[in-house]
Amino acid sequence: MSAMESQLADDELAASWGADISDGFIPLIDMEELQGPRRPEIVQQIGHACQHYSFFLVKNHGISETNMNNILGTTSEFFKLPEQEKLKFCTNDPNKSIKLFMGFKDEIQNVFIARESLRFRTYPFEDYVNEWPANPPSLRKDVMEYCTIVKRVEFALLEAMSESLGLEKDYIDKMLYNHGQKISMNYYPICQEQDLEFTRGVRPHTDPSIITILLQDNVPGYKVLNNCKWVDVGHIPNTLVVHVGDLLQVIHFIYKVMMNTHTHILRYT
Ligand SMILES: O=C(O)CCC(=O)C(=O)O
Ligand SMILES: [Fe+2]
């Protein structure tokens, strides 16, 4: 098959199970179907999405609308806290499992990275929960509820990814040996129209993770790189974006991803 024919076949296959977005196409996986008779087909879809896109959307993932609203609400409450309360979590100490990153100017590229980001280890909860912010009071409960279900989503996806590579379904999980989980709560503040050219949410990057599972609010701005073109993911309600991270790529050499957030409106993920 020529490269063009193969691209066409890929596009046709993808067109039968993807989601149309504003300026392109993004694979959409129905996770509920992983439990039923169509599992082999869905596993194939996941493998195809990882190999040809390195990102995809998932629906019917088991995270309720309430859970999603709670964690996004908690995130926005945290970033609304007074500066001195938040700054307690800013640290250069490499041994700290929780860190807040504030917006900063990148002098070399002459851009302002506007994002505030609170990142912390979550799993196993008992090892870390006491370090999590006690404010807002809902945070610990919301993070635990959300991360418990995200862990299930992650396991289901890693199993399907293993199978899609012709491996035993617990292959990747066993290789990773009891791996943990990290959450990154992000706040993209409003920036002025005239500053837009010099302001980024995040710079183009790949993630140093196994997989990244992203929940975003309904504000657009998130882009992924596909065939050398940045594609706006937009917001499809009740879906999560899944990315193949660098570590999974290192294990298998075939999955690759890039992402970029550039926004001039208030946004939480
Ligand atoms: O918050 C987003 O939209 C993207 C965040 C991201 O890419 C990251 O934290 O690695
Ligand atoms: Fe990322």
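Because the model is predicted, local features are described only at pLDDT of at least 70 and side-chain atom pairs only at pLDDT 80 or more, while totals for chains, interfaces and linings use all residues. Residues count from 1 along each chain as its sequence is written, chains are lettered from A and ligands numbered from 1 in the order in which they are written, and side-chain values use heavy atoms, with hydrogens and water left out.

**Stop 1: the ligand**

Start by selecting ligand 1, which sits in the largest pocket. Here a pocket is an open set of points, on a 1 Å grid over the protein atoms alone, where a 1.4 Å probe fits and protein lies on both sides within 12 Å along at least five of seven lines. A molecule sits in a pocket if more than half of its atoms lie within 2 Å of the pocket's grid points.

Now show the residues near ligand 1, meaning those with a heavy atom within 4 Å of it. How many residues surround ligand 1? There are 12, and the closest are Arg115, Tyr188, His205, Asp207 and Thr269.

Zoom in on the polar contacts, which are pairs of N or O atoms within 3.5 Å. The side chain of Tyr188 has a polar atom 2.5 Å from an oxygen atom of ligand 1. Arg115 places a side-chain N or O atom 3.0 Å from a ligand 1 oxygen, and for His205 the distance from a side-chain N or O atom to an oxygen of ligand 1 is 3.0 Å. On its own, ligand 1 has 290 Å² of accessible area, and the protein covers 90% of that; these areas come from the Shrake-Rupley method with a 1.4 Å probe.

Which elements give two or more residues to this shell? They are strand E8 (181-188) and strand E15 (259-261), and E8 supplies the largest share, with 3 residues. Strands, labelled E, are DSSP runs of at least two residues, and helices, labelled H, are runs of at least four.

Colour the shell by residue type and you will find 4 nonpolar, 5 polar and 3 charged residues. In this count Asp, Glu, Lys and Arg are charged; Ala, Val, Leu, Ile, Met, Phe, Trp, Tyr, Cys and Pro are nonpolar; the others, Gly among them, are polar.

**Stop 2: the sheets**

Follow E8 into its sheet, an open one of 4 antiparallel strands in the order E4-E7-E8-E16. Strands pair if DSSP finds at least two bridges between them. The edges, each pairing on one side only, are E4 (98-101) and E16 (267-268). Select E7 (116-123) next: 7 bridges link E7 to E8, and one to look for joins Ser117 to Asn186 in E8.

Another open sheet has 3 strands in the order E5-E6-E9, with mixed pairing. Its edge strands are E5 (104-106) and E9 (199-200). E5 and E6 (111-113) run antiparallel with 3 bridges, and Lys105 has Phe112 as its bridge partner in E6.

Then select E12 (222-226) and E13 (229-232), joined by 4 antiparallel bridges. These two strands form a hairpin with 2 residues between them, and Asn227 in the turn has a positive phi of about 50°.

**Stop 3: the backbone**

Most residues other than glycine have a negative phi, and most peptide bonds are trans. Select Ser54, whose phi is near 70°, in the loop between H2 (39-52) and E3 (55-59).

Finish with two cis peptide bonds. The Tyr123 to Pro124 bond has omega near 0°, and Pro124 is in the loop between E7 and H5 (125-128). The Asn135 to Pro136 bond has omega near -5°; look for Pro136 in the loop between H5 and H6 (139-164).

Key
Polar contact = N/O pair within 3.5 Å; in protein donor to acceptor, adjacent residues only side chain to side chain. 1 Å grid on protein atoms, 1.4 Å probe; cavity = no way out; pocket = protein on both sides within 12 Å on 5 of 7 lines; lining within 4 Å.
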